[in-house]
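Here is a short briefing to read alongside the model. Please have the sequence and the 3D view open as you go.

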Amino acid sequence: MKNLQMVDLRSQYKHIRRKLRKRLRKVIKESAFINGNEVKLFQQNLEQYLGVRHVIPCASGTEALQIALMALPLEEGDEVIIPDFTFVSAAEVACLLGLRPVFVDIDPQTFVMDPAAVERAVTERTRVIVPTHLFGQCTNMAAIMEIAEKYGLYVIEDACQSLGADYILREGSGQLQMGPFTYDYRCADKGVRKKAGTIGHIGCTSFFPSKNLGCYGDGGAIFTDDDDLAARMRQIANHGSEKRYSYQTTGLNSRLDSVQAAVLNVKLPYLNSYNARRQEAAAFYDRAFISCMQLKVPVRCPYSTHIFHQYCLLCRSEQERKALQFHLQKTGIPTKIYYPKPLHLQEAFRFLGGKVGDFPVSEDISKRIIAIPMHTELSQKQLRYISAAIVNFFN
């Protein structure tokens, strides 16, 4: 058996290399490496896929979050509510912009932002909520948008791990008001669905190579149905400029280059099948671990599909996780810990005054969670080998 990897990009490349090479040769021939035809085409393709009015490609998921915050009418010291158990991007860009991150605890079953904790955290200085759709599954956006509307807050969805996941708004037919937008729906059987990142005022995603839709470098995108916000974010991403050497605001140099856009144009048509392959692998794992009472498999929310950017198990203790990780390492199976320390305990955010015990769910999950290989190229043989090694550890 070939070496197991958390993400097998090389094998994925083999299936699409002819299309990739053809597209990349075209980019080199045209030599329009910044804002070339491939970037414009990808913008249109992603708008169509997501069903949004505006996509603004940019340089990374982190800068997508930064641009989104810069586009809002915020002042220094305004508060941004962020889940305590997530990647650092939203918190770090808030700090860089002079905003104050306010961390909240997560749901112990799904690991996404707990809406009840969000409402408890709202103060007169709160301006933005940033829900992270963690590991490929959506936050409860109906609850988040209700809170946002109640208190007059903006919502920026961090969809960096969930591109292609569906949020199920409501069954039946009629009109649904969520925040600034009204949706028509007539789907009595499955309910109206919106893609992750398209429900709040702004959505952000990353095309880091290991993402479900990844390029071969850094890349990101911002999306919205708000024309004014879209225009402002386009300015910000291009040095604050609408036309060359004319600057309307202070901005960034944050652009998706044509090479990365070409890769994404090839891979986007495969995204649904990529996500389906991950779901099949997750279902295999679920069945394999059904007899392991010591392990907890990922919980699926009734309001969201799960596209398994990561497949994370929960052990009973930190010591058990350490022993399992050592056992799997000996058998050639890689693992990762997402995330080993919640944000409120990180040195970078010590100035916020966080301490042990502030967010007990995040602290507990960070000690027991472990991710095992999850990608589109996992074979049945590999899945059997990985799951057998884990089951044997507990037997």
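Buried means under 20% relative accessible area, exposed means over 50%, and partly exposed is in between (1.4 Å probe, protein chains only). This is a predicted model, in which local features need pLDDT of at least 70 and side-chain atom pairs count only at pLDDT 80 or more, while totals for chains, interfaces and linings use all residues. Residues are numbered from 1 along each chain as its sequence is written, and side-chain values use heavy atoms, with hydrogens and water left out.

**The annotated lysine**
- An unreviewed UniProt entry annotates Lys-211 as "modified residue: N6-(pyridoxal phosphate)lysine"; such annotations may be inferred rather than shown by experiment.
- Lys-211 is buried, because its relative accessible area is 16%.
- Leaving aside residues up to four places away in sequence, Lys-211 touches Cys-160, Gln-161, Ser-206, Arg-278 and His-309 (contact means heavy atoms within 4.5 Å).

**Backbone details**
- Most residues other than glycine have a negative phi, and most peptide bonds are trans.
- His-239 has a positive phi of about 60° although it is not a glycine, and is partly exposed, with a relative accessible area of 38%.
- Tyr-245 also has a positive phi, near 65°; this tyrosine is exposed, at 63% relative accessible area.
- From Tyr-338 to Tyr-339 the peptide bond is cis, with omega near 5°.
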